[in-house]
Amino acid sequence: MVSFSKIEILDTTLREGEQTPGISFTIDQKIAIARGLDAFGVDFIELGHPAVSPDVYEAVEALNSQNLNAKKMAHGRASKSDVNDATAIGVKWMGIFFGTSPLSLKHKFNVTKSEALKQIETCVKYGKDKGLKLRFTAEDASRTSLDFLIQVGQMVQECGAERFSLADTVGCLIPARMKELVTNVRSEIDLPLHVHCHNDFGLATANVLTALESGAQCVDVTVNGLGERCGLPPLAEVTTALTELYKVNHNWDLKLLPELSQLVESFSGRISEANQPIVGTNAFTHKAGLHVKAVMEEPKSYEAISPETVYRERHIIIDKYTGKAALK
């Protein structure tokens with residue numbers, strides 16, 4: 001079993017989650033979600049990107065005023081105006097992002113590598129001068145050359161950033177490549193590493209677990225896996241896997257997962273898939289007769305964890321597959 005010295009969870013339901021098509025939370029809903037996440041025990045809560053709109057700015061202000069145990073982080077571009085928003089609101093942590101891949105440099109910013117480095121350096125130094133704790137995210141890190149990625153990481157480290165984040169922005173990494181990426185970056189950079197994975201190929205949870213195995217310290221998640229396009233790793237999957245499969249000893253209250261899932265479902269109007277792990281309707285439901293017979297004798301026969309672990313109940317389906325054990 002891999003030894004984890006320090007594992008952190010950053011929940012970005014309030015920022016990335018609200019980027020899900022068709023979803024917009026009210027300020028009161030965001031406060032309720034933040035309180036639920038804090039009770040669960042996440043380490044960071046990403047409050048939002050104040051520059052997006054007046055209501056997001058107001059929400060970040062309201063969230064920052066909440067008495068939470070989790071570290072509160074604002075999101076922003078590598079620009080002085082976004083840093084000024086964070087300092088005006090009074091948030092202690094800011095996540096600055098800048099696309100580092102050739103595609104981003106050419107088609108998003110139209111800058112050279114040296115121009116990008118200068119802009120990042122200027123912004124990180126400006127943020128540090130303003131007294132912020134900073135996580136710098138290399139957006140599209142998975143499609144950035146390793147040499148340039150390490151150059152960026154070493155520079156933001158020298159400028160005083162507290163964290164360095166690798167973003168698999170289009171979800172194109174496989175676990176073997178994630179392991180290679182994190183291992184190589186860790187060998188050259190001393191900052192704690194964060195990882196932000198998208199789920200475009202259904203590999204987000206596998207990739208963040210691999211990143212943690214390889215030495216990353218913090219991974220980004222959302223409740224119910226919300227986010228751009230196919231979303232992010234779900235909070236329930238990642239924390240339950242870490243607890244039950246990796247035996248990570250953390251203060252997460254897994255029994256709050258169904259409540260959090262249902263809360264976000266009610267606010268977002270987006271119902272989780274029935275077969276979604278941990279919180280889905282079918283997660284602890286058994287149908288086939290032979291399965292049911294075995295579960296009745298020993299639940300572990302067809303359950304990796306007991307439903308009670310995550311405050312769920314076992315269900316037995318009665319239909320044409322039903323055997324005598326289920327009827328009995």
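What share of the 328 residues of the protein counts as buried? In this predicted model, 54% of them count as buried, where buried denotes a relative accessible area under 20%, exposed over 50% and partly exposed in between (1.4 Å probe, protein chains only). Local features required a pLDDT of at least 70 and side-chain atom pairs a pLDDT of 80 or more, while totals for chains, interfaces and linings use all residues. Residues are numbered from 1 along each chain as its sequence is written, and side-chain values use heavy atoms, with hydrogens and water left out.

The protein contains twelve helices and ten strands; these are DSSP runs numbered from the N terminus, helices being H or I of at least four residues and strands E of at least two. Its radius of gyration is 21 Å, close to the 20 Å given by the globule rule for 328 residues, so the protein is as compact as a globular protein of that length. This radius is taken over C-alpha atoms, and the rule is 2.2 Å times the number of residues to the power 0.38. The C-alpha trace spans about 70 × 40 × 35 Å along its principal axes. Of the contacts (heavy atoms within 4.5 Å) with a separation of 6 or more, 73% involve residues 24 or more positions apart.

Eight strands form a closed barrel in the order β1-β2-β3-β4-β5-β6-β7-β8, with parallel pairing. From one strand to the next, the twist averages 25°. Strands of a sheet pair through backbone hydrogen bonds, either parallel or antiparallel; here, two strands are taken to pair if DSSP finds at least two bridges between them.

Strand β4 illustrates this arrangement. Strand β3 (residues 71–77) runs parallel to β4 (residues 93–99) and is joined to it by five bridges. Trp-93 in β4 is the bridge partner of Met-73, and Ile-96 in β4 stands opposite Gly-76. Together with helix α3 (residues 80–89), β3 and β4 make a right-handed β-α-β unit; right-handed means that, with the strands pointing away from the viewer, the path from the first strand over the helix to the second runs clockwise. Seven bridges pair β4 with β5 in the parallel sense, and Gly-99 stands opposite Glu-139 in β5. Helix α4 (residues 102–109) lies across β4 and β5 (133–139), at about 90° to β4; axes are lines fitted to C-alpha atoms, for helices over the stretch in contact, and angles run from 0 to 180 degrees between N-to-C directions. Both faces of β4 are covered, with Trp-93, Gly-95, Phe-97 and Gly-99 buried on one side and Met-94, Ile-96 and Phe-98 on the other.

The largest nonpolar core has 86 residues, and Phe-136, Val-156, Phe-164, Leu-235 and Leu-242 have the most contacts inside it. A second, separate core of five residues includes Leu-10, Phe-44, Met-73 and Trp-93. A nonpolar core is a set of buried Ala, Val, Leu, Ile, Met, Phe, Trp, Tyr and Cys residues joined through side-chain atoms within 4.5 Å.

Helix α8 (residues 204–213) is mostly covered, eight of its ten residues being buried. The buried residues of α8 include Ala-204, Val-208 and Leu-212, and their covering includes β6 (163–168), α7 (175–186), β7 (193–197), β8 and α9. Just after α8, Gly-215 takes a positive phi of about 115°. Helix α9 (residues 235–244) lies across β1 (8–11) and β8 (218–221), running at about 170° to β1.
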